[in-house]
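The sequence and structure come first.

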Amino acid sequence: MTTAPSDPEAARPNQLVVVANRLPIEYADDSTGATWRRAPGGLVSALEPALAGRPATWIGWSGRASAESEPPLPEEIDGLGIVGVPLTDGQIEQFYEGFSNGALWPLYHDAVVTPSYHRPEYMAYREVNALFAAKAAELAPVGSTVWVHDYQLQLVPKMLRDARPDLRIGFFLHIPFPPVELFAQLPWRRQILEGLLGADLVGFQTHDGALNFLAATRRLMALDPGGDRVNVPDEDGYRSVRVGAFPIGIDATSFDAMARNTAIQARAEEIRAEMGGFRLLFLGVDRLDYTKGIDVRLRAFSEGLAEGLLDPSDVTMLQVAVPSRENVDDYQHIRDDIELLVGRINGDLGRVGDPAIHYLHQSVTREELVAMYLAADVLLVTPLRDGMNLVAKEYVASRVQESGAVVLSEFTGAAQQLTDAFIVNPYDIEGLKRTLAAVAASPPEELSRRMVALRTNVFEDDVDRWVRTFLATLEGHVP
Ligand code: ADQ
């Protein structure tokens, strides 16, 4: 069925419609009263350069259950049109916490915890995807471009194409796409593949992700992908869908500028002083998620201390874990596991006023985050699997003195690009421990050589390039 846009005369092919699970705004109830404001960071900052200069609308969920009484959503923020997709408590539980984060998230991250597949949750996923698709079909001007984001909305491209074949539809997956042997577990694998193939361009963080997807279309749908295209049968014969890797970057210049701010530099000094006398500060910064390998690095660090590979008077560690998905069982378990581990390590290896591991379970401001990046000598990024990992890139962009080191899991998308990091296998605690000791013993010139190379990469492949390349490929400016 084809639905016309509400104002079909308003053909504005230059218009960009972004469809993402979350709107780029947050609800704040502070001294100035209850209000909506722009959420800091995130996808909206990433897309900002692309949105400037062309009319754009963002369709997403506010992050609050629709039953809550609160001020209505703003119609626009900084020139960006805002359109909410209200969700009920039941939909949030089944579509978001259930299918998205209990089935798809673990499955797409190598099933590091066991995915749970529940039919009512998939039904809710389909129902909510239909709500997003209907909103985009209603609002997108004739011939315009719609960019759909991430694993929560994989059915939207096909639903939208069925309703509005005039649109140019792009999809980008921010998390890994798993090997077909794993993906094949999913009872609704065919629906997901058909959903994604509704797009003109399907983008992944890495070549491996793109290849896994193409292999799934071959194995599970008997299609015959060739190169970076797969032909999908439709009523006119077939439609060609382009598939590719578009590794996401960060706004490196803004991290660099913050790191040159004297107040933030002073705060970095203060953090080091508050943590006591040591030569090297190891830092971890993550959403508290079982994919991030937080426990792995805590174990390697503490074993390194206990075995004398690392000198306790020389090194210390700060782990910041931002609360995440706290209604999902596996996230409650990982929090308990990590906090038990931190307690044990500090009990065994700490001294009064001098814990081996400083641990914060909280979100920090961007300024404080950059101060931490500036204060830390070694960043530990040890996910068991991660689509990209922006923290690694943010740390590099903040190291304006060209010092410091990144220990980086080979199972992150970032490892494909940040090849001058110390690349580790997070499943190999012995190897990780030895790498920590090697980094601690590395001459500053060697670390600086690596950091210069890392910075070149992060500044060249920044978010602006990501957006421009994706949209140019989708809109046909790139052959
Ligand atoms: P995430 O899994 O959320 O993103 P990541 O890429 O590291 O992981 O981004 C996390 C963001 O949160 C960073 O911008 C970081 O600064 C911020 N952050 C982390 N801890 C914080 C804290 N304590 N306080 C405040 N801010 C904090 C998903 C995929 C990734 C992919 C991104 C983007 O899982 O693989 O890189 O999307 O595509």
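How many nonpolar, polar and charged residues does the shell around the ligand have? By class, eleven residues of the shell are nonpolar, six are polar and six are charged. The model discussed here is predicted.

## Ligand shell

There are 23 residues around the ligand, and those that come nearest are His174, Asp386, Met388, Leu390 and Glu394. The side chain of Asp386 places an N or O atom 2.5 Å from an oxygen atom of the ligand. For Gly387 the atom concerned is a backbone N or O, and it lies 3.0 Å from a ligand oxygen. Gln205 has a polar side-chain atom 3.1 Å from an oxygen atom of the ligand.

On its own, the ligand has 720 Å² of accessible area, of which the protein covers 85%.

## Aromatic pairs

The model has 24 aromatic pairs. One of them joins Tyr122 and Trp188, whose rings are stacked, with 4.7 Å centre to centre and 10° between the planes. The stacked label follows because planes under 30 degrees apart count as such. Tyr122 belongs to helix H3 (residues 119–139), while Trp188 is in the loop between helix H5 (180–183) and helix H6 (189–196), so the pair ties together parts that are 66 residues apart in sequence. Both partners are on the buried side of the scale: Tyr122 has a relative accessible area of 3%, and Trp188 is at 10% relative accessibility.

What arrangement do the rings of Phe177 and Phe213 adopt? Their pair is edge-to-face, with 5.5 Å centre to centre and 90° between the planes. Phe177 sits in the loop between strand E8 (168–172) and H5, and Phe213 sits in helix H7 (residues 207–221), so this contact links parts that are 36 residues apart in sequence. Phe177 counts as buried at 3% relative accessibility, and Phe213 is buried with a relative accessible area of 0%.

## Cluster and charges over rings

Tyr122 and Trp188 also belong to one aromatic cluster, together with Phe95, Phe99 and Tyr125.

Two arginines lie over ring faces. Arg325 is positioned over the face of Trp105, at 4.1 Å from the ring centre. Arg450 is over the face of Phe422, and here the value is 3.8 Å from the ring centre.

Is Lys292 buried or exposed? Lys292 counts as buried, at 10% relative accessibility, because the cut-off for buried is under 20%. Its place is in the loop between E12 and helix H10 (294–306). Lys292 and Leu384 are 92 residues apart along the chain, and their C-alpha atoms are separated by 6.1 Å.

Thr456 is found in helix H16 (residues 444–460). At 38% relative accessibility, Thr456 counts as partly exposed. Thr456 and Val113 are 343 residues apart in sequence, and the C-alpha to C-alpha distance between them is 36 Å.

How values were computed
Residues are numbered from 1 along each chain as its sequence is written. This is a predicted model: local features need pLDDT of at least 70, side-chain atom pairs count only at pLDDT 80 or more; totals for chains, interfaces and linings use all residues. Side-chain values use heavy atoms; hydrogens and water are left out. Rings of Phe, Tyr and Trp (its six-membered ring) pair if their centres lie within 6.5 Å; planes under 30 degrees apart count as stacked, over 60 as edge-to-face and the rest as tilted. Helices (H or I, at least four residues) and strands (E, at least two) are DSSP runs, numbered from the N terminus. Buried means under 20% relative accessible area, exposed over 50%, partly exposed in between (1.4 Å probe, protein chains only). A charge sits over a ring if NZ of Lys or CZ of Arg is within 6 Å of the ring centre and within 35 degrees of the ring normal. A residue is near a molecule or strand if one of its heavy atoms lies within 4 Å of it. A polar contact is a pair of N or O atoms within 3.5 Å; within protein, one must be able to donate a hydrogen and the other to accept it, and residues adjacent in sequence count only if both atoms are side-chain atoms. Accessible areas come from the Shrake-Rupley method with a 1.4 Å probe; for residues, only the protein chains shown count as cover. Ala, Val, Leu, Ile, Met, Phe, Trp, Tyr, Cys and Pro count as nonpolar, Asp, Glu, Lys and Arg as charged, and the others, Gly among them, as polar.
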